[in-house]
Amino acid sequence: MLAAVSVLGGCATTGNPKDPIEGFNRAVFALNEGVDKAVLKPLAKGYDAVVPVPAKTGVSNFFGNIADVFIGVNDLLQGKARDAASDAGRVLVNSTIGILGFIDFATDFGLEKHEEDFGQTFGHWGAGPGAYLVVPFWGPRDVRDAAGLALDVYADPVGNIHNVPVRNSLLATRIISDRTALLPAEKVIEEAALDKYSYIRDAYLQRRRSLIYDGVPPREDFDSALPMDTRFTRNQSIAGDVYAISRTEE
């Protein structure tokens with residue numbers, strides 16, 4: 001995929017320097033949208049309608065507990081010992097009295113949940129984001145996060161289960177659970193965005209930059225990477241995953 005991106009990089013340019021292969025990205029975006037509308041979204045809506053809220057929360061907590069393992073690893077790789085200890089405590093508490101993570105007692109005990117991945121670790125140690133990418137079936141990334149995604153997938157405890165039926169069932173359940181959690185955000189995006197592709201791209205890039213710098217990115221660096229006639233303003237967080245960005249022509 002990365003080789004194809006490098007070949008196509010000169011074939012489609014855009015005014016946004018963060019997205020030099022917009023034509024290719026829009027094609028992949030359309031592919032992902034088609035798969036989502038045909039398969040994932042109907043499954044998510046059915047899951048949302050049929051499964052009781054406590055059960056949906058329990059499933060989300062279960063997979064969140066698994067994710068906490070490598071969130072803690074990335075905390076350590078970034079030198080955040082206190083956060084790593086907190087995440088290790090979350091796994092210990094939720095895996096035991098939380099019944100394998102289905103109940104999130106750790107948050108009630110004051111152990112904050114963090115959000116770290118290998119892409120953020122690369123960024124912490126100085127790796128630049130590179131060009132914006134839309135990865136088939138995975139969605140928005142940049143070059144740095146695509147490399148981090150490869151490590152995230154490789155190290156994923158669920159993906160490394162040897163029992164194929166169990167592994168595939170858990171992977172499918174996690175995908176549907178994650179997609180269900182995005183249903184409210186999707187509704188807001190559909191109502192607010194004139195161009196869904198640009199909206200998601202800009203929101204992703206701003207949010208990932210915020211995560212790399214733990215919420216305090218150097219604004220001047222971010223703004224200098226944008227076209228001079230465009231200004232971005234963070235309005236709100238959507239479902240914990242998307243920042244709404246309004247574009248105002250100067």
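Let's start with I99, which is exposed, with a relative accessible area of 52%. Please keep in mind that we are looking at a predicted model. You will find I99 in the loop between helix 4 and helix 5. What is the phi of I99, which is not a glycine? It is positive, at about 55°.

Now, on to charges. Side chains of opposite charge can pair when their charged atoms come close. How many salt bridges does a search of the whole structure find? The count is 23. I'd like to walk you through a few of them.

Have a look at D68 and R90, which form a salt bridge with their closest N and O atoms 3.0 Å apart. D68 belongs to helix 3, residues 53-77, and R90 to helix 4, residues 81-96, so this pair ties together parts that are 22 residues apart in sequence. Are these two residues buried or exposed? Both D68 and R90 are buried.

Next come R207 and E115, whose side chains meet in a salt bridge at 3.0 Å, N to O. Here distant parts of the chain are linked, 92 residues apart: R207 is in helix 10, while E115 sits in the loop between helix 5 (105-108) and helix 6 (118-124). The two partners have their own accessibility values. R207 is buried, with a relative accessible area of 12%, whereas E115 is partly exposed, at 36%.

Helix 10 gives us another pair. The side chains of R208 and D145 meet in a salt bridge, 2.8 Å from N to O. R208 is in helix 10 and D145 in helix 7, residues 143-155, so the parts they tie together are 63 residues apart in sequence. R208 and D145 are both buried. Some salt bridges share partners, and in that way E33, D36, K41, R179, E186, E190 and K196 are joined into one network. Hold on to a few of those names, please.

Which residues make the contact? From helix 8 we have R179, T180 and A181, and from helix 9 we have L183, P184 and E186. Sorted by type, the residues of this contact are 3 nonpolar, 1 polar and 2 charged.

Helix 9, residues 183-192, also packs with helix 10, residues 196-212. The axes of helix 9 and helix 10 come within 9 Å and cross at roughly 120°. Helix 9 and helix 10 are therefore oblique to each other, and their crossing is right-handed. On the helix 9 side, E186, I189, E190 and A192 take part, meeting K196, Y199 and I200 of helix 10. That contact divides into 4 nonpolar, no polar and 3 charged residues.

Note on methods:
Residues are numbered from 1 along each chain as its sequence is written. This is a predicted model: local features need pLDDT of at least 70, side-chain atom pairs count only at pLDDT 80 or more; totals for chains, interfaces and linings use all residues. Side-chain values use heavy atoms; hydrogens and water are left out. Axes are lines fitted to C-alpha atoms, for helices over the stretch in contact, and angles run from 0 to 180 degrees between N-to-C directions. Helices (H or I, at least four residues) and strands (E, at least two) are DSSP runs, numbered from the N terminus. Angles under 35 degrees count as roughly parallel, over 145 as roughly antiparallel, 65 to 115 as roughly perpendicular and the rest as oblique. A crossing is left-handed if the near helix is turned anticlockwise from the far one by less than a right angle, and right-handed if clockwise. Contact means heavy atoms within 4.5 Å. Ala, Val, Leu, Ile, Met, Phe, Trp, Tyr, Cys and Pro count as nonpolar, Asp, Glu, Lys and Arg as charged, and the others, Gly among them, as polar. A salt bridge is a side-chain nitrogen of Lys or Arg within 4 Å of a carboxyl oxygen of Asp or Glu. Buried means under 20% relative accessible area, exposed over 50%, partly exposed in between (1.4 Å probe, protein chains only).
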